Amino acid sequence: MRRIFDDVPVLCGHRGSGAGVVDGRRENTLASFRAAVDAGLRWVEVDVRVNADRVLVASHDPVLEGGRYIADLTSAETDELELMRLADLLDELPPDVALDVDVKTSLEDALLAREQ
């Protein structure tokens with residue numbers, strides 16, 4: 001039988017150290033990803049969405065508590081709400097940790113010009 005994968009399956013930290021809040025760490029935050037790496041995981045997954053400034057920020061859902069759409073928020077607003085930027089995660093992760101980026105889309109994305 002032909003082998004499809006050369007390596008054995010690996011554990012992948014879903015949204016860092018898991019969905020929801022684990023030991024006081026919210027999912028899709030630097031603290032959650034640090035915890036996953038500290039636990040020995042060599043793969044992590046992050047959900048990202050684009051904000052109004054076209055910056056990728058970590059969030060599974062398009063709408064935050066209170067009904068605010070991430071697509072409508074500026075980078076200053078997403079920073080204030082402590083939504084992690086993908087660029088910050090890339091800077092933070094050790095080079096031997098692989099990253100699965102789950103790019104989320106929403107209806108707001110369909111209204112953008114093609115080049116965006």
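Leaving aside residues up to four places away in sequence, V46 touches N28, F33, A58, M84, L86, L89, L99, D100, V101 and D102, where a contact means heavy atoms within 4.5 Å. This comes from a predicted model, in which local features need pLDDT of at least 70 and side-chain atom pairs count only at pLDDT 80 or more, while totals for chains, interfaces and linings use all residues. Residues are numbered from 1 along each chain as its sequence is written, and side-chain values use heavy atoms, with hydrogens and water left out.

V46 also turns up in the largest nonpolar core, which has 13 residues; F33, V44, V46, M84, L89 and L93 have the most contacts inside it. A core here is a set of buried Ala, Val, Leu, Ile, Met, Phe, Trp, Tyr and Cys residues joined through side-chain atoms within 4.5 Å, and buried means under 20% relative accessible area (1.4 Å probe, protein chains only). At least two residues of this core come from each of α1 (30–38), β4 (43–50) and α3 (86–92); helices (H or I, at least four residues) and strands (E, at least two) are DSSP runs, numbered from the N terminus. A second, separate core has 5 residues, including V57, L64, I70 and L83.

Now for α1 itself. Its buried residues are S32, F33, A35, A36 and V37, and what covers them includes β3 (25–26), β4 and α3. After α1 comes G40, with a positive phi near 100°.

Conventions. Buried < 20%, exposed > 50% of the residue type's maximum accessible area, 1.4 Å probe, protein only.
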